[in-house]
Amino acid sequence: MEQVGKRSAARLDAILRHLSPRVGAAPAPTSVPTSAQVSAVTEPGRFCYTLDNDVLTTEQRQFYEDNGYLLIKKLVSDADIERFRKEFMRICRREVNPPGAMIMKDESLRSQYGQSEKVVNKVQDFQEDEELFRYCTLPEVLRYVECFTGPNIMAMHTMLINKLPDSDKQTFLHPMHQDLHYFPFRPAARIVCSWTAMERADQNNGCLVVQPGTHKMPLKPHGYPKQGAGNKLFHGLLDEDEKIPRVHLVMEKGDTVFFHPLLIHGSGVNKTTGFRKSISCHFASSECYYIDVKNTTQEHLEKELAEMVRKKYNMTSAELRDIWNIRARLVQGERINL
């Protein structure tokens, strides 16, 4: 009972740390301001999806404007990636148990391998793991993030994905989707995902697949796939346009792609016997604001996610906004709305 009490206290402390006003905890770390020198004013009539800055070239801004993503080669060092990999292995071995993190596993393999790298396919919401959360504060990452969000930056959603080899019992394909489906905050143009390959990602081991230009489309209805096994919360488009061209993002270790939350993307199956790891964070301007998702295409997601949170934290009720307040953490500048 004493251990259960300690775990409950740790979860409560994690929640309180991220609610405003902060209670009984040190303020979230604020990184040193980047050199991006981003202005809050876009170039009139030309760029809607990036802010004026001295980091991105005009060609890079135009590419993101047209396509909704931008790939930066070798942005994150091998040394940092190895630190993230070691921390993931510690989590797999239960040497650390970050408060609030969701450790997702292939239960069909657990009896064969126990809790190990061969079973754990995702660590989600690692904002309380200081080693993994370093990714969200890397100056080289924030330097680019600021070009999309502006100087006040919140880390909203964190994931380390360990794509397992596909089997007859379980698939780890993520259907084509738009990340904004999961987010109850706007505007979309001030949200960006940073996704870093922790090893080579290609069509053999299930690299990212994007449909360029779809960030200009509205948010579409999502749900579980009609055929095949669906992983929890792996929602996909209910009406997918097969005629829109797809691009497979082949990436080397340390390569990082930044993409818009309305960009339609997914990932293929892992046809190898190894594992395909990536680490990512969705960042947003702290000046973004929450919206009410009731009577929208996101309402059913709120109900599913709220039920999961109620069970995990023994809460009597939970709204989508509360859940994101728990996850959100300031990484640069001032916390304003989120």
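What follows goes from one threonine to the nonpolar cores and then to a sheet.

This is a predicted model, in which local features need pLDDT of at least 70 and side-chain atom pairs count only at pLDDT 80 or more, while totals for chains, interfaces and linings use all residues. Residues are numbered from 1 along each chain as its sequence is written, and side-chain values use heavy atoms, with hydrogens and water left out.

Start at T196, which sits in strand β7, residues 191-197 (strands are DSSP runs of E, at least two residues; helices are runs of H or I, at least four; both are numbered from the N terminus). T196 has a relative accessible area of 1%, so it counts as buried (under 20% relative accessible area, with a 1.4 Å probe and protein chains only). Its side chain makes a polar contact of 2.8 Å with that of Y135 (a pair of N or O atoms within 3.5 Å, where one must be able to donate a hydrogen and the other to accept it; residues adjacent in sequence count only if both atoms are side-chain atoms).

Y135 leads us on to the largest nonpolar core, of 39 residues, where Y135, C136, V141, F258 and F283 touch the most other members (a core is a set of buried Ala, Val, Leu, Ile, Met, Phe, Trp, Tyr and Cys residues joined through side-chain atoms within 4.5 Å). Helix α6 gives this core its largest share, 6 residues. A second, separate core has 22 residues, among them Y182 and L305.

Finally, find the open sheet of 4 strands, antiparallel in its pairing and ordered β5-β13-β8-β11 (two strands pair if DSSP finds at least two bridges between them). Its edge strands are β5 and β11. Strand β5 is joined to β13 by 2 bridges, and H174 has S267 as its bridge partner in β13.

Key. Buried means under 20% relative accessible area, exposed over 50%, partly exposed in between (1.4 Å probe, protein chains only).
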